[in-house]
Every structure is written in C-alpha cells, then in structure tokens.
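Please open the structure in your viewer and keep the selection tool at hand.

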Amino acid sequence: MQIKTQTVNINLAKAVREGFSKSPKSISSMFLYDAEGDRLFQEIMKMPEYYLTRCEQEIFHMQKEEIFKEMRAFDEPFNLLEFGAGDGSKTKILLRYLLEKGANFTYYPVDISEHILSELAYSLHEEMPALKVHPMNFEYFDAIRQITNLSRQRNITLFLGSNMGNFTIEQGIDFYKNFARKSKAGDLLFVGIDRRKSPYVIRKAYDDPLGITAAFNLNLLRRMNRELGACFNLEAFRHYSFYEPVSGEVRSYLISQKNQQVHFEVLETQFFFAKDELIHTEISKKYSPEEITRLAEETGYKVLRHFTDGRQYFLNSLWEVK
Ligand code: AVJ
C-alpha cells in the first residue's frame, strides 16, 4: 500500500498573530491536534463523562445494516470520504461491515493531522489488508478537489464524531453550502451530531474531574512553546468551559491567572495577558433534530433519515445533495 501524505502548511504563526491581536483573544480549535493533542483526545474518548463516542458507536453497531441500505452502498462502486478521520475507532465498525458484505469502494480518510493519519493508515493495513485506502493529508475542500480529479464515482462523505460542532452556525452554513456546490447530485453526506440534552450531562463531558479536558486545552500553549518558541508557563493559565443551553454551545477558554507578558521567539514579538483575560479556544455546538433538518435544507440537501441511540444523546443524519 502506498501512503501518500503531504504536509499541510496550516499557519499557526499567522493564526496567533491575528487571534491574539483581537479582543477577546482567540485561536482556532484546529490547532488542538498535534501528536500530544491527538493522544489527549483519545483519552477524552475513553472518559465515562464523554458519552459522544460510545453513543455513535452504539448507532453503528445496532443500525449498520439500515444505514448502508439507505445509502445504497451495495448498488455500485463508490468513494467513501471521511473528514476529520482521526484514529478511525468509530469508522472501523462501518469499514469492516462493508468489506464483509462485499461492497466495492475506496476509503479516503482526510485529516489535517499527518500524525494521526499515518497511524490510521498503518492500523487499517494491519487489520483490514483487503481495504483500499487512500489517505489525504489536506484541508477538507482541497481533498474534495483532489478526489474529484481522481474519480467520478459517487461520493459518500462521513463527517462523524460531532466534528461539525466546532463550527458556529454561520460557519456550518458556509461549509455545507460550499460542500454541496463541489458535489454531484446524488452524492451523500453522513454527519454525526451531538444532540441537545440535559445541560448537566453536557457540562460534565467538557470539564471532567481528572482534568483530561483541561490538559487537552492547555496543550495549545505547549504547542506554541514548541513550534513558535513561546514561553508560556502552563501553571499560569487555567481551563474554563461552560455549556449555554439556549445557544446550545459549549465554549472553552484558557484564562490567564495573572498579569503576564509572553515572548514568542519565532514571531519576534510578545503578547500581554491581563489577570483573568480569556483566550477563546473552542466551540462544541449541540443541535436538536429540527435544527439539523433546517440546516440541511437551507444549504442544499434533502434529509434521507436520522439514526439515533437508545438514550437519544447523539444523532447520525444522512443527507443527499439536491
Ligand atoms: C473532536 C471536536 C468532536 O468538541 O466534542 C472534546 C473535541 N473538546 N472535549 C468535541 C473536544 C473537548 C470534540 N470534537
């Protein structure tokens, strides 16, 4: 198997210059995923409080037959794209089933983390040697362009694990409109979305007692120390997150615990953080089924079906490009 990866130049330096000159300071959650961030997110998925992964796995285990029937996955060859594939722990359930049932497809995992993508390609090769895999180390829309050049088969795209929760509603609308524009009529999109539910349950998932989520968030500072020669003292910042049930958004921040000046060697500049000043790092938005349907219809899709778990915590929604 040939592993084709290309280093993406996601410019952390540029993001810091822009994000830290605004008020409140902010940095895209995309930068959470270096090798250490990937590892910490894998720890998060194992936490009892972080129900999302297990709920989606339950849906796949219990309803894979129905899901692929609705996708017409056995009718003709197709491309199976996955945005933000990560370590593939959920997707493997689906891949194994498709292989067993003799579906004719190539799997294109797309991820901005070169590290996690090469681990995924390696483990797939070990566990499912018959699977055709073509890893794509690109940002989402660059990957679609490449795949469209390679193959005119129908695309079924997976966007799982509540990854879309990181979009604000406006970013989500832009993303899906743009995606529909770059798709062919009949292409499918299968999205995994965390549902609105008891605010207590959601709050706990993003602020666990062992501090794994805090370590995941603080790792951003460690990454800037390493990649930009910054001199953040990780003890001088604290993780803060809360769920706001009206908007359905979990918002995560790093809060400066004192007045401090942080020098960035690579940027040849410094930033001042006042005591209690925020760095906004992430949004994790939750949706009701009605909001999901509205979003799909507004952006160029027809909802074929919703699949949910026993507790109705999570939802996988299948959309067809109109
Ligand atoms: C990987 C974006 C789905 O928002 O739930 C977990 C990341 N952040 N705990 C999420 C995350 C804090 C996660 N996603």
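The count of cavities of 30 Å³ or more comes to two. A cavity is, on a 1 Å grid over the protein atoms alone, a set of points where a 1.4 Å probe fits but cannot get out, and its lining residues have an atom within 4 Å of a point. Grid points are joined across faces, edges and corners, and a volume is the space filled by probe spheres set on the points. This is a predicted model, in which local features need pLDDT of at least 70, side-chain atom pairs count only at pLDDT 80 or more, and totals for chains, interfaces and linings use all residues. Residues are numbered from 1 along each chain as its sequence is written, and side-chain values use heavy atoms, with hydrogens and water left out.

**First stop: the largest cavity.** Select Leu81, Ile144, Thr148, Asn155, Thr157, Phe179, Lys182, Ser183 and Asp187, which line the largest cavity. Helix H6 (140–150) and strand S5 (154–159) are the elements that give two or more residues to this lining; helices (H or I, at least four residues) and strands (E, at least two) are DSSP runs, numbered from the N terminus. The volume of the largest cavity is about 40 Å³. Its lining has three nonpolar, four polar and two charged residues. Here Ala, Val, Leu, Ile, Met, Phe, Trp, Tyr, Cys and Pro count as nonpolar, Asp, Glu, Lys and Arg as charged, and the others, Gly among them, as polar.

**Second stop: the second largest cavity.** Now select Leu32, Thr213, Phe216, Asn217, His239, Ser252, Thr281 and Glu282, the lining of the second largest cavity. Helix H9 (212–228) and strand S11 (278–285) each give two or more residues to it, and H9 supplies the largest share, three residues. This cavity holds about 30 Å³ of space.

Select helix H4 (residues 91–100) and helix H5 (residues 114–127), whose axes come within 12 Å and cross at roughly 35 degrees. Axes are lines fitted to C-alpha atoms, for helices over the stretch in contact, and angles run from 0 to 180 degrees between N-to-C directions. Which residues of H4 and H5 meet? Lys92, Leu95 and Arg96 in H4 meet Leu120, Ser123, Leu124 and Glu127 in H5, where contact means heavy atoms within 4.5 Å.

**Fourth stop: the whole chain.** Zoom out to view 10 helices and 13 strands. The C-alpha atoms fill a box of roughly 60 × 45 × 35 Å, taken along the principal axes.

**Last stop: two loops.** Select Pro24, in the loop between helix H1 (12–19) and strand S1 (25–26). A cis peptide bond joins Ser23 and Pro24, with omega about -5 degrees. Then select Arg72, in the loop between helix H3 (52–71) and strand S2 (78–83). Phi of Arg72 is near 50 degrees, a positive value in a residue other than glycine.

Conventions. 1 Å grid on protein atoms, 1.4 Å probe; cavity = no way out; pocket = protein on both sides within 12 Å on 5 of 7 lines; lining within 4 Å.
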